[in-house]
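Please examine the structure shown below. The paragraphs that follow lead through its charged pairs and then its nonpolar core.

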Amino acid sequence: MDKNKLFVASLPWSINNDSLRELFAQYGEIVEAVVITDRDTGRSKGFGFVTFKNEEDAKKALEMEGKEVEGRTLVVNVAKPRENRNNRPFNRDNRRSY
């Protein structure tokens, strides 16, 4: 598990990659900051990931948990590995793909 990568949820809808990076930059050097968007509309899904250069900075950034940003209370956790999605019984059009 990558302890340098944080999952950040309950983001304000106005946050983009750059402003997410700025929000967490006070805790250390950031390698990547990504707000997850809907592939069809391009709108934020309200969560993202921040990857720090080192684990100590990521641990410090966990302090953002519960902070209010633009009226929304942030949820901040160490990111979990992505689950394998290859065995899903439905394809993108919601039809069985057996």
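In this predicted model, K59 counts as exposed because its relative accessibility is 54%. Its salt-bridge partner is E55, and the closest N and O atoms of the two are 3.7 Å apart. E55, at 27% relative accessibility, counts as partly exposed. Both K59 and E55 belong to helix α2, where they lie 4 residues apart, about one turn of the helix.

Helix α2 holds another such pair. K60 forms a salt bridge with D57, with 3.2 Å between the closest N and O atoms. Because K60 and D57 are 3 residues apart in helix α2, about one helical turn separates them. K60 is partly exposed at 41% relative accessibility, whereas D57 is buried at 11%.

The count of salt bridges comes to 3. One of them joins K53 to E29, with the closest N and O atoms 3.9 Å apart. This pair links distant parts of the chain, 24 residues apart: K53 is in the loop between β3 and α2, and E29 is in the loop between α1 and β2.

The largest nonpolar core has 19 residues, of which L20, F24, F52 and L74 touch the most other members. Two or more residues come from each of β1, α1, β2, β3 and α2.

L20 lies in helix α1 and counts as buried because its relative accessibility is 0%. Beyond its neighbours up to four places away in sequence, L20 touches residues including L11, A33 and F49. The C-alpha atoms of L20 and A33 are 6.2 Å apart, although 13 residues separate the two along the chain. In soluble globular proteins, nonpolar side chains tend to be buried together.

Conventions: Residues are numbered from 1 along each chain as its sequence is written. This is a predicted model: local features need pLDDT of at least 70, side-chain atom pairs count only at pLDDT 80 or more; totals for chains, interfaces and linings use all residues. Side-chain values use heavy atoms; hydrogens and water are left out. A nonpolar core is a set of buried Ala, Val, Leu, Ile, Met, Phe, Trp, Tyr and Cys residues joined through side-chain atoms within 4.5 Å. Buried means under 20% relative accessible area, exposed over 50%, partly exposed in between (1.4 Å probe, protein chains only). Contact means heavy atoms within 4.5 Å. A salt bridge is a side-chain nitrogen of Lys or Arg within 4 Å of a carboxyl oxygen of Asp or Glu.
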